[in-house]
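Please keep the model open beside you as you read.

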Amino acid sequence: MDRERSFERFLPLRPVEFGILLSLGEAERHGYGMIKDAAKRGIVRAPDVGTLYRALRRMTDQGLIVESDRRSAHDVDDERRQHYRITPLGRRVARGQALQFAALARAAVEGGLLEGGAL
């Protein structure tokens, strides 16, 4: 399997995983920041803390995200806040999942389940 196609082994993503990659695609964040971002987007249900941290551990092990040394001024008193960033593999996986969702949405429009303006 070539490098560009290897992302497919991660698909389909769980909603929490896709939400994490969406959030990290925009900026490095810590777990609570990802929960707030998911709620703000309203696209995916904000995960509970346990689900989020299990997913972060799994995705770090898979090479989709990595821990970052970044610390914001707000975090100086809280060493527990670990920031994460998306890897190039994670970005390819997220893009692949988004393309699958786009294809499904087009099929739903063509099948009469959604109006074209809903996209």
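Is Thr87 buried or exposed? Thr87 counts as buried, because its relative accessibility is 10%, where buried means under 20% relative accessible area, exposed over 50% and partly exposed in between, with a 1.4 Å probe and protein chains only. Before we go on, a word on the ground rules: this is a predicted model, in which local features need pLDDT of at least 70 and side-chain atom pairs count only at pLDDT 80 or more, while totals for chains, interfaces and linings use all residues. Residues are numbered from 1 along each chain as its sequence is written, and side-chain values use heavy atoms, with hydrogens and water left out.

Back to Thr87, which is found in the loop between strand E3 (83-86) and helix H4. Helices (H or I, at least four residues) and strands (E, at least two) are DSSP runs, numbered from the N terminus. A polar atom of the Thr87 side chain lies 2.7 Å from the backbone oxygen of Gly63, and a polar atom of that side chain lies 3.0 Å from the backbone nitrogen of Gly90. If you leave aside neighbours within four places in sequence, Thr87 is in contact with Gly63, Leu64, Ile65 and Val66; contact here means heavy atoms within 4.5 Å.

Now step back to the whole chain. There are 4 helices and 3 strands, and along the sequence they follow the pattern α-β-α-α-β-β-α. Of the 119 residues, 38% count as buried. Among contacts between residues at least 6 apart in sequence, 56% join residues at least 24 apart.

Two strands pair if DSSP finds at least two bridges between them. E1 and E3 pair in the antiparallel sense over 2 bridges, and His30 stands opposite His83 in E3. E2 and E3 also run antiparallel, joined by 4 bridges; there, Val66 stands opposite Arg85 in E3.

What does helix H2 (residues 31-41) pack against with its buried residues? Those residues are Gly31, Gly33, Met34, Ile35, Asp37 and Ala38, and they pack against H1, E1, helix H3 (49-62) and E3. Just after H2, Gly42 takes a positive phi of about 65°.

Finally, turn to the start of the chain. In the segment before H1 you will find Pro12, joined to Leu11 by a cis peptide bond with omega about 0°. The axes of helix H1 (residues 15-26) and helix H4 (residues 88-110) come within 10 Å and cross at roughly 115°; axes are lines fitted to C-alpha atoms, for helices over the stretch in contact, and angles run from 0 to 180 degrees between N-to-C directions. Phe18, Leu21 and Gly25 of H1 make the contact with Gly90, Arg91, Val93, Ala94, Gln97, Ala98 and Phe101 of H4.

Terms used:
A polar contact is a pair of N or O atoms within 3.5 Å; within protein, one must be able to donate a hydrogen and the other to accept it, and residues adjacent in sequence count only if both atoms are side-chain atoms.
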